[in-house]
Amino acid sequence: MGKNILIVDDAAFMRMMIKDILTKNGYTVIGEAENGIKAVEKYNELKPDLVIMDITMPEMDGIEAVKTIKGNDSNAVIIMCSAMGQQAMVIESIQAGAKDFIVKPFQAERVIEAVSKVIG
């Protein structure tokens, strides 16, 4: 398998949780970022197969980061994360180019289902 994934979330424990779920299921986490600006930098540097991106972050939110990344690389594959009750933001992120979304708190099965659906 060995798909390379970039995790973007302003909360370190959320990044750790996602990383744990992914690595246990054979995926490789090649980088982490804590805001949208860093996400764009890391994406350009690492060229991951997938980005898992939080919506609400300081400096640049996930939706702006998706638009920027997709603007630079139309083939970028991005899954958004959001807390309950952010449906409007989820719709906006899908319109911006995200392939799927995962609702927090995470369920490992749902994370893997979303990841395997978009990158196999």
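**Close-up views of a predicted model**

**View A. The loop that holds P105.** P105 sits in the loop between β5 (100–104) and α5 (108–119), where helices (H or I, at least four residues) and strands (E, at least two) are DSSP runs numbered from the N terminus. The peptide bond leading from K104 to P105 is cis, with omega near -5°. The model is a predicted one, in which local features need pLDDT of at least 70 and side-chain atom pairs count only at pLDDT 80 or more, while totals for chains, interfaces and linings use all residues. Residues are numbered from 1 along each chain as its sequence is written, and side-chain values use heavy atoms, with hydrogens and water left out.

View B. K47, in the loop between α2 (36–46) and β3 (50–54), has a positive phi of about 50° although it is not a glycine. E59, in the loop between β3 and α3 (62–72), is likewise not a glycine and has a positive phi of about 70°.

View C. In the order β2-β1-β3-β4-β5, 5 strands form an open sheet with parallel pairing, two strands being paired if DSSP finds at least two bridges between them. β2 (28–33) and β5 are the edge strands, each pairing on one side only.

**View D. Strands β1 and β2.** Strand β1 (residues 4–8) runs parallel to β2 and is joined to it by 5 bridges. Within this pair, I5 of β1 has V29 in β2 as its bridge partner.
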